[in-house]
Amino acid sequence: MMKRWLCILLLLLTLGNSAAMADFDFTVRNGDRQKPQIAITIDDCYDTDQVLAAVALCKQYDIRMTFFVIGSALKYADTDVWQAVLDAGCEIGNHSWGHVNLTQLTTHQVKFQMLRTQQKLDEVLGYHYPMQVMRPPQGKGSNAIARAVAEIGYLHVVRWDVSQTAAEQALKDTQNGSILLYHARAKDIRCLTALIPALMEQGYECVTVSELLELPAVAISDEIYIYQRADAN
């Protein structure tokens, strides 16, 4: 946990330095191009049957993914689904509460979108799972959004460099460090069913976004987060 907060402090100091901003990549589109690691990401997660289908692929091939969930899509009845995601070694990231364009919101509203989702996830799981990576809806971000999410503990805004539901093209587009964008829908799962073994045959290791970016491990705790308006100031 201390390592994570040291990372956050460094991010805030850098974000506050306009001269360094051009050289600081808080928003990432890929990981290390020298390592044969990639991150498959699943957005939205409205359809929990498709979430479980992705988890089944993870178990079948002994890989890990990151699920960027929309807060309003989380249901209290789906505790077992999201626990299965974590039990498979996967990661949960934040995709906002209502899938809105964050660039049109105030700083307070951006933070609310993140924090309300955090509260709902904790309520569904029954414990605190501090999400540390986020993906803005449609990938639309800004320096102001980066600053806002850094201030509430996020370590990176995550975009992608591969977005293809044709497995053959996705395989061609993927390279070391790639972050692949998919959604919890049948079309995407069909693509991944063909794509994952092809990626592994080419020597890629499929890891979570946090692992790809060498971030601290998520440290769960018993105390469920409860949103306070002051937290978004």
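A charge sits over a ring if NZ of Lys or CZ of Arg is within 6 Å of the ring centre and within 35 degrees of the ring normal. The views below show a predicted model.

**View 1. Charged side chains over aromatic rings.** Arg159 lies over the face of Trp160, 5.7 Å from the ring centre. Lys120 has its charged end over the ring of Tyr76, at 4.8 Å from the centre of that ring.

**View 2. The largest nonpolar core.** This core has 57 residues, and Met65, Phe67, Trp82 and Leu192 touch the most other members. Elements that each supply at least two of its residues include strand E2 (37–44), strand E3 (65–69), helix H4 (79–87) and helix H8 (186–201). Another core, of 12 residues, lies apart from it; Val28, Phe68, Val133 and Val158 are among its members.

**View 3. The pair of Phe67 and Trp82.** The two rings are edge-to-face, 6.4 Å from centre to centre, with 85° between the planes. Phe67 belongs to strand E3 and Trp82 to helix H4, 15 residues apart. Phe67 counts as buried because its relative accessibility is 0%; Trp82, at 1%, is buried too.

**View 4. The pair of Phe112 and Tyr227.** The ring centres are 5.2 Å apart and the planes stand at 80°, so this pair is edge-to-face. Phe112 is in helix H5, and Tyr227 is in the segment after helix H9 (209–212), 115 residues apart. Phe112 is partly exposed at 30% relative accessibility, whereas Tyr227 is buried at 19%.

**View 5. Gln37 and its surroundings.** Gln37 is part of strand E2 and counts as buried, at 18% relative accessibility. Its side chain makes a polar contact of 3.0 Å with the side chain of Glu205.

Key:
Residues are numbered from 1 along each chain as its sequence is written. This is a predicted model: local features need pLDDT of at least 70, side-chain atom pairs count only at pLDDT 80 or more; totals for chains, interfaces and linings use all residues. Side-chain values use heavy atoms; hydrogens and water are left out. A nonpolar core is a set of buried Ala, Val, Leu, Ile, Met, Phe, Trp, Tyr and Cys residues joined through side-chain atoms within 4.5 Å. Buried means under 20% relative accessible area, exposed over 50%, partly exposed in between (1.4 Å probe, protein chains only). Helices (H or I, at least four residues) and strands (E, at least two) are DSSP runs, numbered from the N terminus. A polar contact is a pair of N or O atoms within 3.5 Å; within protein, one must be able to donate a hydrogen and the other to accept it, and residues adjacent in sequence count only if both atoms are side-chain atoms. Rings of Phe, Tyr and Trp (its six-membered ring) pair if their centres lie within 6.5 Å; planes under 30 degrees apart count as stacked, over 60 as edge-to-face and the rest as tilted.
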